[in-house]
Amino acid sequence: MGTTQDEIVAATLAVLDEHGLDGVTMRAVAARLGVQHNTVRWHASSKGRLLELASDELLAHCLDEPLPEAFPDRLKELSRRCRTALLSHRDAARMVAGVFAAEPHTLRYADTVIATLLAAGHSPRTAAWTHWTIFYLILGLTQEQQAAQEAAPALLPDQVPADDYPALVEVLPYCGPDSFDQRFDFALGLIIAGLPRTEGHLGPGH
């Protein structure tokens, strides 16, 4: 029986975990499976395509469990599940940020988020742009968190003398690598709080 696309995607994620995004190549995935390079290329014509498939797989289980019915709890839970999915593999946020995966799992997740916003009475424009705003938040903060796992935090106390940067010194306790969950919930709360209370559905230009 030949190698399946699912096996190739699973091997890609395994290589990602072991070697990081820079170590993911067609040949590395083939070696992981013990198959020829052309076997991988049969299912994914390029490294870019391989990363698209792997990125889509990350979101495969975001909708497995029942979601809250009420808004904004449903939106918050979807966003947290997406972030958790990206945190489950090394460099996953950087991988997703570098591709455009118009694939079933990704599209289904986006459709569910946007449907949640539309059902809450927001316009198509607000629903679409809120989804992207939250997704960009997830990608950016998760990339920072995953980078912090590989190296020390970028900002250290001795880099910000109090005489030169008094405001930064005052907030430094809130910028450490142990506050990512709180920072995410805070930012997500700000986005949701900034949504209009009610809009109805405006036309395509709104």
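Modeller: Start with the second largest pocket, whose lining residues divide into seven nonpolar, one polar and one charged. Here Ala, Val, Leu, Ile, Met, Phe, Trp, Tyr, Cys and Pro are nonpolar, Asp, Glu, Lys and Arg are charged, and the others, Gly among them, are polar. This is a predicted model, where local features need pLDDT of at least 70 and side-chain atom pairs pLDDT 80 or more, while totals for chains, interfaces and linings use all residues. Residues are numbered from 1 along each chain as its sequence is written, and side-chain values use heavy atoms, without hydrogens and water.

Biologist: Which residues line the second largest pocket?

Modeller: A probe the size of a water molecule, rolled over the atoms, shows where empty space is left. On a 1 Å grid over the protein atoms alone, a cavity is a set of points where a 1.4 Å probe fits but cannot get out, a pocket is an open set with protein on both sides within 12 Å along at least five of seven lines, and lining residues have an atom within 4 Å of a point. In this case the lining is Phe71, Pro72, Ala120, His122, Ile192, Ala193, Leu195, Pro196 and Arg197. The second largest pocket holds about 180 Å³ of space.

Biologist: How much space lies in the largest pocket?

Modeller: About 330 Å³. Among its 17 lining residues, Phe100, Ala101, Thr106, Trp132 and Phe135 are the closest to its centre. Helix H6 (92-97), H7 and H8 each give two or more residues to this lining, and H8 gives the most, with five. By class, the lining of the largest pocket has 14 nonpolar, three polar and no charged residues.

Biologist: Why does Leu155 count as partly exposed?

Modeller: Buried means under 20% relative accessible area, exposed over 50%, and partly exposed in between (1.4 Å probe, protein chains only). Leu155 counts as partly exposed because its relative accessibility is 37%. Leu155 is found in the loop between H8 and helix H9 (166-171).

Terms used
Points joined across faces, edges and corners; volume = space filled by probe spheres on them. Helix = DSSP H or I, 4+ residues; strand = E, 2+ residues; numbered from the N terminus.
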